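Hello,

Here is the structure for you to look over. My notes follow it.

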Amino acid sequence: MQVPVMAELFAEGKTPEILFWVGCAGSFDQRAQKITRAFTTILNELGISYAILGKEESCTGDPVRRAGNEFMFQMMAYQNIQVLNNYNVKKIVTTCPHCFNILKNEYPELGGNYEVMHHSSFLQQLINEGRIKLAGGGVFKGRKITYHDSCYLGRANGIYEAPRQVLEILDAELVEMKRCRSNGLCCGAGGAQMFKEEEKGEKRVNQERTDEALATGAEIIAAACPFCNTMLTDGVKVHEMEESIKVMDIAELIAASITKV
């Protein structure tokens, strides 16, 4: 894919409308890379001026801060802030709620002040502006979809409506899990749990959440976080239902349905 890099645009004296913060998962995880491609497909299709940092982007430091290593977090954060400020970045959009939360809420105290949007809110904005339109409701018309609320998107930042409004344009049947919105259950990966051994218990958190999703009868589990996507996909695999139940990011659902306006 032809993806603009900030250093190249800066050298040409150009300033993109947004900086797309890809994140570690979106860069290195094979499943999350598909979400990255889907979102860039939408940006390219709509002719939105954007760029990524490429090799200059490093981890936001969210996992190490959650794990308790404040010193390492601040080193990583200051490095990112220096890069962002050097390019005079004003607006950042990211597909990861963890990156979104820390860039928006925790970087300002270290000198990183930016307008930060999660891609669910950004897509909702594009839909409201009439820039995203789907022909006949798109390829998911009439299909049953349930949406999983990411902790850092929902409870941490109060974003519940944006992803649901994005799904509404698909003209699908949106069914809610018993625990949703502010009562939604974590996928099991947050707070750096993704990178440590699980503690003993009766049931894995991701299996508990997947069971709730499957109970809705939905054929598509929609997520807006690469970590949630991984955990729910693993949960579906436990039931050996990968062929009949798909876990998809909202960007993938829109990219598969989009028509150029």
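In helix α9 (residues 205-214), the buried residues are Asn206, Arg209, Thr210, Glu212, Ala213 and Leu214. Buried means under 20% relative accessible area, exposed over 50%, partly exposed in between (1.4 Å probe, protein chains only). Helices (H or I, at least four residues) and strands (E, at least two) are DSSP runs, numbered from the N terminus.

This is a predicted model: local features need pLDDT of at least 70, side-chain atom pairs count only at pLDDT 80 or more, and totals for chains, interfaces and linings use all residues. Residues are numbered from 1 along each chain as its sequence is written, and side-chain values use heavy atoms, without hydrogens or water.

The cover over α9's buried residues includes β5 (144-147), β7 (220-223) and α10 (226-238). Asn206 has 9% relative accessibility, so Asn206 counts as buried. Beyond its neighbours within four places in sequence, Asn206 is in contact (heavy atoms within 4.5 Å) with Cys187, Met231, Asp234 and Gly235.

**Salt bridges**

The count is 18 salt bridges, each a side-chain nitrogen of Lys or Arg within 4 Å of a carboxyl oxygen of Asp or Glu. Arg65 pairs with Glu109, with the closest N and O atoms 3.4 Å apart. That pair links distant parts of the chain, 44 residues apart. Arg65 is buried at 19%; Glu109 is exposed at 58%.

Asp211 forms a salt bridge with Lys203, at 2.6 Å between the closest N and O atoms. Asp211 is partly exposed at 23%, and Lys203 is partly exposed at 43%.

Best wishes
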